[in-house]
Amino acid sequence: MKANALIGGTLVGLLAATALTAAVWTPFDPLAIDLRARLEPPSARHWLGTDEFGRDVLSRIMAGAGTSTLIALSTVVVAVGAGAVVGVVAGYLRGSTDRILMAVNDALLAFPGILLALGLMAVVGPTTYGLVLALGIAYAPSVVRVVRGTVLSIREKEYIEASRMIGDSGVYTMVRHVLPNCVAPLTVLATNLFGTVVLAESALSFLGLGVPPPAPTWGNMLAASRPYMEAAVWLSLAPGLCIALTLVGVNLLGDALRDRLDPRMAVA
Amino acid sequence: MTGTGPAPLLEVERLRLVAAGPEPLVDDLTFDVGRGEVVALLGESGSGKTLAARAILRLLPPGVRQVGGRITLDGEDLASLPPSRLRRLRGAAVGMVFQEPMVSLNPALTVGAQMAEGLRLHTRLTRAEIRERCLAMLRRVQIADPERCLGAFPHEFSGGMRQRIMLASAMLLRPKLLIADEPTTALDTLTQREVLDLLVELTRDHGTAVLLITHNLRLVARYAQRAVVLRRGALVEAGPAAEILSRPRDPYTRQLIEALPRRGPARPLRREEPPVIVAENLSVVFPGRRRFLRTTPGRTAVDRVSLAVYPGEIVAVVGGSGSGKTTLGRAILRLVPASGGTIRFRGEDLLTAGPEAFRRFRLACQMVFQDPYSSLDPRMRIGDIVAAPLRHLPEMSRAARRARVAEVLDEVGLAGFERRYPHELSGGQRQRVAIARAIVRRPAFVVADEPVSALDMTIQQQVLALFTSLQKQYRFACLFISHDLAAVEQIADRVLVMQQGRIVESGTRDEVFDRPQHPYTRALLRAALMTEGPSAAAG
């Protein structure tokens, strides 16, 4: 248990350190094109090689770390935040509020997330904020479903009724008693969603609707590497491994956090 | 031990079960069950009685191991048997009835399919023969329409009916031994009596021995020939049931018997002050479900009930499950909306009063819930849980609140528990926290919904005593909802008997218990074994 938290923390810490370093210094300019040094394999000069325009992959990975994780993180915050609020309100109030909210939610859920994001991106245009908003809205409905299900079982607990008996308002009960008891499914959802979003961002970037091209993100690097998969495997490997390690780190940290936040799991 | 006749059917010798902890869960337990005999394994939760019984069939939960002792069934050492032989014994030679009728039948299979399973596995009967046997057995356990029952799913039956079906399927194979693990604890008193009577009758007819696992002394007195008392995994006392209950030798057994509620002197009825709460013709109808093109009819849970509770008195509402007593309590507190009638709190009509009057009412009333495991928010500390009601008293300072919480926790015997979380507490301690939360604001009226029925006997007695002493101290009016007549007899001033949403009898405690008028009240009292309980024998 402890080891998992440590590994997760280290990976996420490394990621943050990389992103912060990149803000002030990278080995090369991540956007500088050097057509004489195209598709070079890793060497002492270019640790992770160069891409099809001769740009230094390590510098791009470092510069992309910030963008990719920031997009993923804000999207998760938007999706989980909105999903939790709607889910708690619908599940706790029931009745017509529940019916209307869930009808809208189910309609959204009927579209594949990526398709919905695609449509929204087409409307708001390819900006980073637009991307976060579109992905957030696209993935919120599944959060709503899970949260509402959890709330339905929590609202039947007698401590919710006890809270009403005390004279607490509905909003207070929801914030103080219902929401905290949804934390366990929410952390699992959030960590899972993080991975999905990194990949969704790359898919949107691939279609030209993500972060606009010259700026590096792990997603668009991965997408751009596809034609050179056989000639220059490091081009796919570098961002791919970064995404994988980040997901492992976030998942481990999420699990540790969930246990930490639950008083019942505390070791005496 | 018995010494008479042939060797006993089941012999358990020096059984020792351990898990990860340092203490063994069952230690050096020796007992036996004779052919056709009913032996009770008596103990409180955590005494190891269920584990000991499960060890017989080697159905121990993961992590629990048998490290010593011998279990012999019908001359065969069960430890030496290969798993395939053991599987053949399960069901066929040893049947089992579990505590929770709501979860021990598979909801996805019909009753018929589940009953037939055992016969298909253990006998070579044809389909028609199996069906015939199932029908006969269902008839035997008094299921109204056995033909329809075979094709029905478990959720169509009440708890009592399901327990009959469980019993029928266990007895179909005519086992030599039936292990009944708290078979009626989840049922109300009337159903409990019916199911147990049936169980004893059926096993007697088939010559089946019964190992009855229970925490209920009254059941032991009525149904068991011998009893084995367990405490913390060790045998405390064993012998003929009547002897143990009338002349207990061990102090722990004596303590168990003394924990049986008994009647105290009647308190004079107080009528000098006007009643705190008055309900008149109160009705609660749960609306029917809207289906395609039609609406199923609603269900009347409370039907034109009138009652008044005066300051400082405890009024008990008794009745079987489904009688509407819980709904009545909730309707009076306005936790469920009333469909008709009036509720007046200190003379103000709550159904027409404005939000301010309603708020005054909310702040002056409290509730103690049945399930101490669900009534406390698992993510809050005990101190915060008890302090929560004080949030609505803005004039109180932070220091005053903390002092009040400490004072109340001290009164319920949990001084210094502020920083703990609910999961660190036992059921009895949790219920004390729930009581502390209810009284911290000095309420005028408290509804207690089965506050002790989820607790062990000795703990029940402690919590009940605490509750009454606090009630005397704070002088709140109390509506005590319970199906446990013994507890009611001990603490109530007046009693209301509910059946199918109506009050069928009401009066002072002594009137209702000594001179019951309504046949339903009489049936309840008979089922509660109040007349032939061991308290009379011990007293």
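I begin with one pair of residues: B:Arg344 stands opposite B:Asp349 in strand S17(B). The structure is a predicted model, in which local features need pLDDT of at least 70 and side-chain atom pairs count only at pLDDT 80 or more, while totals for chains, interfaces and linings use all residues. Residues are numbered from 1 along each chain as its sequence is written, and chains are lettered from A and ligands numbered from 1 in the order in which they are written.

Helices (H or I, at least four residues) and strands (E, at least two) are DSSP runs, numbered from the N terminus. Strand S16, residues 340–345 of chain B, is joined to S17(B) by 2 bridges, and the two run antiparallel; strands pair if DSSP finds at least two bridges between them. Both belong to an open sheet of 4 strands in chain B, ordered S14-S11-S16-S17 with antiparallel pairing. Strands S14 (299–309) and S17 (348–349) of chain B each have a single partner strand, so one side of each lacks a neighbour in the sheet.

I turn now to helix H14 of chain B, residues 398–411. Its buried residues (20 or more other C-beta atoms, placed from the backbone, within 10 Å of their own; exposed means 12 or fewer, partly exposed in between) are B:Val405, B:Val408 and B:Leu409. They fall within an arc of 100° seen down the axis of H14(B), so they line one face of the helix; the arc is taken over directions from the helix axis to the C-beta atoms. On the other side of H14(B), B:Ala399, B:Ala400, B:Ala403 and B:Glu407 are exposed. After H14(B) comes B:Gly413, with a positive phi near 80°.

Notes. The expected span of a helix is 1.5 Å times one less than its number of residues.
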